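Please look through the sequence and the model shown below before reading on. The paragraphs that follow lead from the sheet to the helices and then to the metal site.

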Amino acid sequence: MIQGIDHIGIAVHTIEEARGFWESLGLAIEAIEVVESEGVRVAIIPCGGSRIELLEPTREDSPIARFIAKRGPGLHHVCLTSDGLAADDVALRAAGVRLLRDRPTRGAGGCWIQFVHPASAGGVLVELSEPPGEGPEGGA
Ligand code: CO
């Protein structure tokens with residue numbers, strides 16, 4: 001079941017160039033993490049109960065670099081919090097929704113994550129995330 005908006009991911013050329021606007025709103029970068037496997041540097045900006053994530057590519061062949069090359073910087077994905085990603089995964093497949101991964105995988109911070117293809121979500125890349133702890137059956 002979906003519980004709320006976890007974060008909104010925004011593709012940027014560089015965090016340094018993009019951060020000013022968000023800081024002018026009174027928001028602040030809490031942390032910057034590099035996720036080497038995804039070729040991305042992530043600036044985490046808490047915003048109420050959720051957060052904005054600025055996604056800067058660290059190499060030319062990363063998914064974020066390819067996204068920016070194709071579409072320019074901008075909204076990349078919306079992430080929803082799930083309290084049962086394994087069940088959501090099964091239900092979405094049964095409903096004919098196209099998922100990007102064969103099953104939920106581990107993401108940043110040990111969260112379980114899955115992605116819905118934009119073709120199944122009105123043109124929006126939707127990430128689903130379940131906080132670490134329980135985790136989907138048979139995940140890993
Ligand atoms: Co995300």
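Strands (E, at least two residues) and helices (H or I, at least four) are DSSP runs, numbered from the N terminus, and two strands count as paired if DSSP finds at least two bridges between them. The model is a predicted one, in which local features need pLDDT of at least 70 and side-chain atom pairs count only at pLDDT 80 or more, while totals for chains, interfaces and linings use all residues. Residues are numbered from 1 along each chain as its sequence is written, and side-chain values use heavy atoms, with hydrogens and water left out.

Eight strands form an open sheet with mixed pairing, in the order E2-E3-E4-E1-E5-E8-E7-E6. Strand E2 (31–35) and strand E6 (105–106) are at the edges with a single partner strand each, so one side of each has no neighbour in the sheet. Strands E7 and E8 run antiparallel and are joined by five bridges, and Ile 113 stands opposite Ser 129 in E8.

In helix H3 (residues 85–94), Leu 85, Asp 88 and Asp 89 are buried, a term for under 20% relative accessible area, as against exposed for over 50% and partly exposed in between (1.4 Å probe, protein chains only). These residues cover an arc of only 105° around the axis, which puts them on the same side of H3; the arc is that of the directions from the helix axis to the C-beta atoms. The face turned away from this buried side carries the exposed residues Ala 87, Val 90 and Ala 94. Just after H3, Gly 96 takes a positive phi of about 85°.

The cobalt ion has as its protein donors His 7 (NE2), His 77 (NE2) and Glu 127 (OE), which lie 2.0 to 2.1 Å from it. Since His 77 lies in strand E5 (residues 74–82) and Glu 127 in strand E8 (residues 126–130), the pair ties together parts that are 50 residues apart in sequence. Donors are N, O and S atoms within 2.8 Å of the metal (3.2 Å for Na, K and Ca), and water is not among the atoms, so sites may look incomplete. His 77 is buried, with a relative accessible area of 5%, and Glu 127 is buried at 8%.
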